[in-house]
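Please look at the structure first.

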Amino acid sequence: MDSLELERLDTNYVRPYSEWWQFAFINSFSNTNMNIRSYSPMYGIEGNINADTKLKLSVYASFRGWGVTYAHDVDYHDVNLMFSYYGDILGGEFLMNRSNSLHGPLNIYNWLENEDYSYSLMNTTLDVKSRDLSYFNILSDFYVVLNYKRFSFPAALGFSRMQRRSAGSVILGGSYIFSGTKVKSRDLQNFWGGQSHFSIKEAALGAGYAYNFSYRIFENHSLLFHFSLLPMFTVWNHYSDRAREQNALVNPELVRYNETNWIWDDVENDAVQMVLLFRNGMNYNYKNVFLGVNTVFAAQTLSKGDDLDYDVDLWIVRAFAGVRF
C-alpha cells in the first residue's frame, strides 16, 4: 500500500509522514443560524433565529492515517456529529446537527376574519425561545480532486500528509441534504396555518477550487494555509409537511402534503437553490509536533417554491494540537 501510495503522488509536492502514530487534542465550536421566509394569502412569517454556540472537547488517535475521535459535549442541549474522510482523490463529510436552542424574533402578519365577514390585517412579533422550535439537519457531501498528485486535502484538513510546495486543484462535488423543522409552540403553530412539521430533501452537484499555500520558515518549521470553495446547485428537491390533526375536520388535505421537483421541471419559476461549502485552515508543523485551526462552513438554501424558503448556515471550527511518533 505504501508503494502504491507513493506512485500516485508527486513527492516533490506531497509526501506521507514516516511516523505511524498520531495523537491530538481538539477543541471544536459549532453554530446554526436560520433565516425563515414563509408566505401565503392568509399569513406570513419572516425572521432570523440562531442556536447557541456549541463546544466539544475531543481526543484524536490514529494509526497510519486511520483514526478515531472521542468527543465530550460540554452542553447536551444541542447535538452535532461529524464523520469525515479526507483522501487524496475522494473524500467528504457527513454532518448531523440537531438544534433545540434556536431563538430570536419572527415578524408575523395574519389576516383575521371579523364578525361582519370582512378581514383585518394583524402584524406582530413573536419571540421564539429555546424548545419552541427544533431543527434537525443531515448534510452529506463528497469531493473529487483532479490534481491529486500535487494537491492534498489530507495535508490541509487531516494530519497524514505534508504539502511541501504550494499547489491547487479544480474539485468536483455533490451533496445530499435532509432538513426537518418541528414547530412545538402552539402559538407559532396557530400563526403558521396549523403547521407542526415540515421537511426538505435536496440533492446538489457542482464544481469549485482548492489551494494549499505551503511555506518553509526554517529548517524544521513549516506553515500551510488552505482554502477551498465548492458551490453546488440543487438538481432535485422534495418537500413535505404535516399540520395539526384538528385541521383534518375542516380541510383534510392540510394534514399531509408532499411535492417533488427536478430543477429543470420549471426553471422559469423556481428560485435558484444551492449549497455553498467553504473550508479553510492553517497548520503549523515543527518536527513531530503540529497544531492549527480549520473551519468547515456550509450555507444551504432550502425551498418549497414560491411560499417557503429558509437559509441555514452551519459552521464548525476546530483548533488542534498533537504529536506524531
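Asp141 stands opposite Ser175 in β12. Strands here are DSSP runs of E of at least two residues, numbered from the N terminus, and two strands pair if DSSP finds at least two bridges between them. β12 (residues 167–183) and β10 (residues 133–145) are joined by 13 bridges in the antiparallel sense. β12 also runs antiparallel to β13 (residues 195–216), with 16 bridges; there Ser179 has Ile200 as its bridge partner. Because 12 of its 17 residues are buried, β12 is largely enclosed by the rest of the structure. Buried means under 20% relative accessible area, exposed over 50%, and partly exposed in between (1.4 Å probe, protein chains only).

The model is predicted: local features need pLDDT of at least 70 and side-chain atom pairs pLDDT 80 or more, while totals for chains, interfaces and linings use all residues. Residues are numbered from 1 along each chain as its sequence is written, and side-chain values use heavy atoms, without hydrogens and water.

Tyr286, in strand β16 (residues 274–286), is partly exposed at 31% relative accessible area. Tyr286 belongs to a nonpolar surface patch that includes Trp20, Trp21 and Phe325, with about 730 Å² of accessible area together for the whole patch.

Key. Helix = DSSP H or I, 4+ residues; strand = E, 2+ residues; numbered from the N terminus. Patch = residues over 30% accessible without salt bridge, like charges linked within 9 Å, V, L, I, M, F, W, Y side chains within 5 Å. Areas by Shrake-Rupley, 256 points an atom, 1.4 Å probe, with all protein chains shown as cover. Salt bridge = Lys/Arg side-chain N within 4 Å of Asp/Glu carboxyl O.
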